[in-house]
Each structure stands twice: as C-alpha cells, then as structure tokens.
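Morning, everyone. Let me take you through one structure, starting with its charged side chains.

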Amino acid sequence: MAETTITIDSERCDFCGTCVAVCPADAIELKESTIRVDKEACTLCYHCVNICPLGVPEVHS
Ligand code: SF4
Ligand code: SF4
C-alpha cells in the first residue's frame, strides 16, 4: 500500500508562511527560498492543502 505524503514545491511557493502558521504538527520548514514538509512529522491533516492561496501543497498517495 502506498504511503500518502504531502509535498510543497519551492518553485511555485511565494513563501507567505500561511501553511506554516496553520500546521498543527510544525511539520513545514520554511527557510529563505526553500520550503519542505517533514513527512515523518506530518499528520496528514490537510490544513496546508486547504489554506494555501496558490494551491501549492500536493497530496501524493
Ligand atoms: S497536512 Fe497538516 S500536518 Fe501535514 S504538513 Fe500540512 S498542515 Fe502540516
Ligand atoms: S501557504 Fe502556499 S504559498 Fe504560502 S508558504 Fe505555504 S505553500 Fe507557500
């Protein structure tokens, strides 16, 4: 069975920080011009997917 993960593409992100602020697991690392999801920490709540104004966070399953 495939593992579900969330990814955030730094190339498409404008680094507004909104997803970082709503992530209850503190799983999104935003540093200057890179952003990534710590898949070990992510609880798949989908808040980042639902709140991003640019639709950047993607669900992979
Ligand atoms: S799905 Fe939830 S826990 Fe995972 S990175 Fe997004 S906001 Fe954080
Ligand atoms: S909410 Fe969207 S645009 Fe803003 S930092 Fe997160 S992924 Fe990037």
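This is a predicted model: local features need pLDDT of at least 70, side-chain atom pairs count only at pLDDT 80 or more; totals for chains, interfaces and linings use all residues.

Start with Arg 12 and Glu 58. Their closest N and O atoms are 3.2 Å apart. Arg 12 sits in the loop between β1 and α1, and Glu 58 in strand β4, so this pair ties together parts 46 residues apart in sequence. Arg 12 is partly exposed, at 38% relative accessibility. Glu 58 is partly exposed too, at 35%.

Next, Glu 3 and Lys 39. Here the closest N and O atoms are 3.9 Å apart. That pair also links distant parts of the chain: Glu 3 is in the segment before β1, Lys 39 in the loop between β3 and α2, 36 residues apart. Glu 3 counts as exposed, because its relative accessible area is 53% and the cut-off is over 50%. Lys 39, at 46%, is partly exposed.

Then Arg 36 and Glu 29. Their side chains meet at 3.1 Å, N to O. Arg 36 has 43% relative accessibility, so it counts as partly exposed. Glu 29 is partly exposed at 31%.

Now the backbone. Which phi value does Asp 26 have? Near 55 degrees, which is positive in a residue other than glycine. Asp 26 is in the loop between α1 and β2. With 64% relative accessibility, Asp 26 is exposed.

Glu 32 also has a positive phi, near 45 degrees. Its place is the loop between β2 and β3. Glu 32 is exposed, at 78%.

Terms used
Residues are numbered from 1 along each chain as its sequence is written. Chains are lettered from A and ligands numbered from 1 in the order in which they are written. Side-chain values use heavy atoms; hydrogens and water are left out. Helices (H or I, at least four residues) and strands (E, at least two) are DSSP runs, numbered from the N terminus. Buried means under 20% relative accessible area, exposed over 50%, partly exposed in between (1.4 Å probe, protein chains only). A salt bridge is a side-chain nitrogen of Lys or Arg within 4 Å of a carboxyl oxygen of Asp or Glu.
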